[in-house]
Each structure stands twice: as C-alpha cells, then as structure tokens.
Amino acid sequence: MTKVIEITNVVKKYKEVTAVNQLNLTIQKGEIYGLLGPNGAGKSTTIFMLLGLTEPTEGELFIEGISPTKRPIEVKKKVGFLPDHVGVYEDLSGFENIILTARLNGFTRKEAELKADELLQQVGLSHAKHKKAGKYSRGMKQRLGLADTLIKEPSIVIMDEPTLGIDPKGIQEFLQMIKELSVEKGITILLSSHHLHQVQQICDRVGIFVKGELLAEGDLDTLQQQLLDKHTFQYEIDTKESSDRVESFLQTKYPKLRTSVYEGKLHVTTKQKDNGNLVKTLINDGGFHLLSFRPMSYGLDDIYQQYFQGGDDLGSREG
Ligand SMILES: Nc1ncnc2c1ncn2[C@@H]1O[C@H](COP(=O)(O)OP(=O)(O)OP(=O)(O)O)[C@@H](O)[C@H]1O
C-alpha cells in the first residue's frame, strides 16, 4: 500500500488556542477517509495545513512524500481542493466556467471544450451545461466545483464539508459521485464532515476528531471493536407487554442498569456480557412474555455520540 497523506505529531496553535494536538494520520492511495467532528474540532485547520495554506507549529505533513509547508506549489499540482462553498462565475454557464479554468491550466480552446464536456458528464451536469452557474442549486454548484478541481487530474481531492447546505437528494447524488471518483479514477479522497451518516455511507475509514485530537480511527468494525473492548454490551428486548413496564421492572430489580426505550423496544446497556440472566429474570421473576432478546451491534452514531459527549453512556439513544 502507498501512503499518500502522512501526518506525524502535528500540533497547530493559534496563540493560546491549540487547534490540532499531536495528530498522527496516514491515508493510503485510493482510500476515502472521513474526518468526522463537531464545529471547532480542528478539521479545517488540518486541511489548510495539508494544502500548505498554514504551517504546523510542530510536527510534519507530507503529501505523496512532499511537504506542503516547504513545497506548496508542487502539492497544489497534485491536490484538488473543494471548499464548503464553491465560488463560481455566476454569469457564465457551467460549460464556460470549466473552460475558463481549463484555459488557465494551459488547455487550448478545443481541448478545454472536450474536457468540459467530459467533466460535466462525470458530475452529472451535462443537461445544465449552458445554464448560467448563478442559476444552479447549491448541490449543482458543488458538482461544478468538483468538476473544476478535476481539470488538473489531481491524485488527491480534499473536501471541507462538501455537502453543507445541499438538499437531501443532492447530498445522496454528491456522495455517490465521490464514491465513483474513488472507484473509477483511483483518486484518494479526504473529506471533513460533521454528518456521521454521510461519512458512514462512503468512507473506507473514519477518524473521530474532537477538540483538536483524533480520538478514534479505523473502519467501522475497528471502531466497534474499540468500544467492545471497553466492556459495554447492549441488548434489545421485545416483549408482549409494554417496554415501559419492563423498563420499570428491570430498574427496580437492577438500579444500576442503564435502559432506554427506542422505537418501542427496550435497550439495556450493561458492563457485563449477559449470559441469559436477564432473560431468566424477565420470564421467571417478571412473568413477561418475551418475543426477542438480541445483542446489538453498535452503529457509528452510538460511537460518535460517545466520543462527542466524551462520556461513557453508550447505549442511550435518547436526545
Ligand atoms: N485563524 C485562526 N485564528 C485563531 N483561531 C483559529 C483560527 N482558525 C481556527 N481557529 C480555532 O481553532 C480551532 C479549530 O478550528 P477549525 O476551523 O479547524 O475547526 P473545524 O473542525 O474545521 O470546525 P468548523 O467545521 O466549524 O470549521 C477552533 O477553536 C477555532 O476557533
């Protein structure tokens, strides 16, 4: 595997604010990596350092072996950047927007036209190629922005909150396009987001970034395993009786047990693996009619909530 992005012990301080703290991150060729974190987590700062727009206070970053701090122009040739709000020439059509960038990148008019057609088709904008970009929706502008970054055929595309402000359908189309780019062109993609569901859909690996620190990283299985290693187990219980009744019964019996009702079913979180004790208690002591009892696997949202809250209350889906 080829390392495309390497970040080693990177710290970025703005006076007394530590925006990024001891960050270590490696992204392999062809991966889609999601940097997931709330506002102010340090995602944009990390991206700006990778683009050579700001320097780390400590540590080193490399993109395909090149330091963006020392050789920013070489890095710019390799990396396409898509900000959260793409700037387009509103009075020009989508087609003319792409041609303009292509011409600035040294393409002849003819080459630029061919490239514009190819890229607009790739991002699903062929139908609107002659429409003024100012009349495009947010999602269409983002797609135009993506086509624009692809002109110089980057091997890496970095996107900062690329789906911000796009409607749900547009988001799905955009995410699908990112996936296709990665699969068809082998482009390495780093995207930042605070939308875990979007990240979960397309990213090969996710880094959970909170207050400048990478708190957990890996594919979903790895993240789940990290949590299971903390010895927290969650079960879903379905009974003929109402879940609220079962919940009060269990809470009286085991005051320390964490419970919540989710979509009519009772969720129980415990520090110990349950080897049938709860089932026995529910049937024998509670007289409940048990319909199902199943261990739950963690979704990324459980994981995300846990790290965001910085606590250990995995399992409660309330709120
Ligand atoms: N130029 C700057 N000067 C001072 N502080 C800054 C600067 N840029 C960022 N910060 C601070 O660094 C921290 C990380 O900000 P950053 O923008 O990297 O986070 P983020 O995860 O990208 O969040 P958002 O999604 O809101 O952009 C924040 O506390 C922010 O206020």
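The structure is a predicted model, in which local features need pLDDT of at least 70 and side-chain atom pairs count only at pLDDT 80 or more, while totals for chains, interfaces and linings use all residues. Residues are numbered from 1 along each chain as its sequence is written.

The chain has eleven helices and 13 strands, where helices (H or I, at least four residues) and strands (E, at least two) are DSSP runs numbered from the N terminus. Along its principal axes the C-alpha trace spans about 80 × 45 × 35 Å, and of the 319 residues of the chain 35% count as buried. Among contacts between residues at least 6 apart in sequence, 68% join residues at least 24 apart, two residues being in contact if their C-beta atoms, placed from the backbone, lie within 7 Å.

Strand S7 belongs to an open sheet of six strands with the order S5-S6-S7-S3-S8-S9 and mixed pairing; two strands pair if DSSP finds at least two bridges between them. The edge strands are S5 (79-82) and S9 (213-218), each of which pairs on one side only. Neighbouring strands of this sheet are turned by 15° against each other on average, direction ignored, with axes taken as lines fitted to C-alpha atoms, for helices over the stretch in contact, and angles running from 0 to 180 degrees between N-to-C directions. Helix H5 (residues 138-150) packs on the sheet and touches S5 and strand S6 (156-160), its direction making about 165° with that of S5.

Within the sheet, S6 and S7 run parallel and are joined by five bridges, and Met159 has Leu191 as its bridge partner in S7. Strand S3 (residues 32-36) is likewise parallel to S7 and joined to that strand by five bridges, with Ser193 of S7 as the bridge partner of Leu36. Strand S8 (residues 205-210), by contrast, pairs with S9 in the antiparallel sense over five bridges, and the partner of Ile208 in S9 is Ala216.

The largest nonpolar core has 63 residues, and those with the most contacts inside it are Ile98 and Ala147; such a core is a set of buried Ala, Val, Leu, Ile, Met, Phe, Trp, Tyr and Cys residues joined through C-beta atoms within 7 Å. When neighbours within four places in sequence are left aside, Ala147 is in contact with Ile98, Leu119, Leu120, Gln122, Val123 and Leu125. A second, separate core of seven residues includes Val246, Leu266, Leu278 and Leu282.

The ligand is surrounded by Tyr14, Val17, Ala19, Gly37, Asn39, Gly40, Ala41, Gly42, Lys43, Ser44 and Thr45, a residue being near a molecule or strand if its C-beta atom, placed from the backbone, lies within 6 Å of it. Strand S2 (17-28) and helix H1 (43-50) each supply at least two residues of this shell, and the largest share, three residues, comes from H1. Six of the eight residues of H1 are buried, so the helix is largely enclosed by the rest of the structure; the buried residues are Lys43, Thr45, Thr46, Ile47, Met49 and Leu50. Just after H1, Gly52 takes a positive phi of about 75°.

Most residues other than glycine have a negative phi. Gln22, although it is not a glycine, has a positive phi of about 50°; this residue lies in strand S2 and is partly exposed, with 14 other C-beta atoms within 10 Å. Glu161, also a residue other than glycine, has a positive phi near 45° and is found in the loop between S6 and helix H6 (168-185), where Glu161 is buried, with 20 other C-beta atoms within 10 Å.

How values were computed:
A residue is buried if 20 or more other C-beta atoms lie within 10 Å of its own, exposed if 12 or fewer, and partly exposed in between; C-beta atoms are placed from the backbone.
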